Amino acid sequence: MVENFEAKLSEYAHLLVEVGLNVQPGQTPSVESNVEYAALTRQCVSACYDCGARNVVTFYGDDFLTRESFLRADEAVFSEYPSYMKARIDWFLEQKSPRLSFTGSNPELLKGVDPARIQARRRASGPPTKAYFDALTANKFQWCVAAHPTLAWAEKAFPDKKGQDAIDALWDAIFSVCRITGDGKAVERWRQVVGTIARRAGALNEYQFKTLRYTNSLGTDLTVALPDNHLWLGGNEKSAAGVEFMANIPTEEIFTAPRRDGVNGRVYSALPLALDGNLVKDFYLDFKDGRIVDVHAGEGEEFLRRAIEVDEGARYLGEVALVACDSPIRNTGILFYETLFDENASCHLAFGQAYASCVKGGEDMGPEEQKAAGLNDSMTHVDFMVGTPDLSIVGTTRDGREIPVFVDGNFAF
């Protein structure tokens, strides 16, 4: 049993709404949830109204129904995107509604599903939702992703526990890394975290590195070029209306966009990647002039190859993120099998869509301008972990100076 659970759940809900979304009076936030998350969802909805929301629109999914659909629905379904769904997402874009979404599905939810169905669904949904997710990555409105345990996820993360014991263990872990104690002071604690992230991001922005070179004992030797006028972000971000919000809770990362055509070398994974309900383990990717030209995995290679074939942009990096090995999530020693957590336990990269906000003025650029600025465009965005305790990252400035950024897996400043 989780000690002081109700107080912690309430503190968590208010953290998500007040700091994650920072709902403003008169806004109409949407909450994308799951039937298993009802108790937390209800508290979040109430917290939105406490903040002065005009209305709150909630959508519930169901893992069982999702899997049944992928296994049994007519083949043609996966190449369609219903007009009512597009109308819904277009309405939220027009309203610039804050978006709270939860993660926590079974990491193996789609295991055994025909990968062609998964890929068809992704390709069909990509174009109709592109405008919405382009606006999200450009921070046109507030958004936040957070987590809620499910039985399947809990038993995957804690294989020595079953049932409620596993769920309780996962709740304890989530509360711990989200700095939730039940005393109602999580908002104050997160302000301190944001201050540290802001200081380091500011130092990186002052350097305006031309390249970063990653090396470690796994064999990683990767050089990543950064765009002119790139911005390192992390912690709090700002919407187009100037409202601060936190896109991920928890978060420990500082991130920017690489130059689309400026990545060369080989990078090895540091942790397994949960991809479409399948695990990809012990893999590396080779890059030439930004493009992934080869991949190899000890397990799940076919799923990784499919992931980089969603569209041409999936073969290029869209994000480079720095996370110290000595971080609260890494120090738990838990492999969460959930990107929201595992990416905050390790330096990571992402292939696919870049965040327009990572280049000065990028949010106001059109697609061609963003491309000219070095940003990648794709229907997908997949984070994979590359940080190890011996990772070295050396930044080279525009005038040729070499500055240690990471030494032995942690920030050098």
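Two strands pair if DSSP finds at least two bridges between them, and helices (H or I, at least four residues) and strands (E, at least two) are themselves DSSP runs, numbered from the N terminus. The structure described here is a predicted model, in which local features need pLDDT of at least 70 and side-chain atom pairs count only at pLDDT 80 or more, while totals for chains, interfaces and linings use all residues. Residues are numbered from 1 along each chain as its sequence is written, and side-chain values use heavy atoms, with hydrogens and water left out.

## Paired strands

Strand E6 (residues 221-225) and strand E10 (residues 263-268) run antiparallel and are joined by 4 bridges. E6 also pairs in the antiparallel sense with strand E5 (residues 211-215), over 5 bridges, and the hairpin of E5 and E6 has 5 residues between the strands, with Gly 219 taking a positive phi near 120°.

| Strands | Bridges, sense | Opposite residues |
| E5 and E6 | 5 bridges, antiparallel | Thr 215 and Asp 221 |
| E5 and E17 (residues 392-396) | 5 bridges, antiparallel | Tyr 214 and Ile 393 |

A charge counts as sitting over a ring if NZ of Lys or CZ of Arg is within 6 Å of the ring centre and within 35 degrees of the ring normal. Arg 260 likewise lies over the face of Tyr 316, at 3.7 Å from the ring centre.

## Helix H8

Helix H8 (residues 186-207) has 22 residues and reaches 32 Å from its first C-alpha to its last, close to the 32 Å expected at 1.5 Å a residue, where the expected span is 1.5 Å times one less than the number of residues. Its buried residues (under 20% relative accessible area, against over 50% for exposed ones, with a 1.4 Å probe and protein chains only) are Ala 186, Val 187, Trp 190, Val 193, Val 194, Ile 197, Ala 201 and Leu 204. Seen down the axis of H8, these buried residues fall within an arc of 115°, so they line one face of the helix; the arc is that of the directions from the helix axis to the C-beta atoms. On the other side of H8, Arg 191, Gln 192 and Glu 206 are exposed. Among the elements that cover the buried residues, by contact (heavy atoms within 4.5 Å), are helix H1 (5-21), helix H7 (163-177) and strand E14 (317-322). Just after H8, Gln 208 takes a positive phi of about 45°.

## Aromatic pairs

A search of the whole structure finds 22 aromatic pairs, in which rings of Phe, Tyr and Trp (its six-membered ring) have centres within 6.5 Å, and planes under 30 degrees apart count as stacked, over 60 as edge-to-face and the rest as tilted. The rings of Tyr 37 and Phe 102 have their centres 6.0 Å apart and their planes at 75°, so the pair is edge-to-face. Tyr 37 lies in the loop between strand E1 (30-34) and helix H2 (38-50), and Phe 102 in strand E3 (residues 99-103), so the pair ties together parts that are 65 residues apart in sequence. Both Tyr 37 and Phe 102 are buried. Elsewhere, ring pairs link Tyr 207, Phe 209, Phe 406, Phe 411 and Phe 413 into a cluster.
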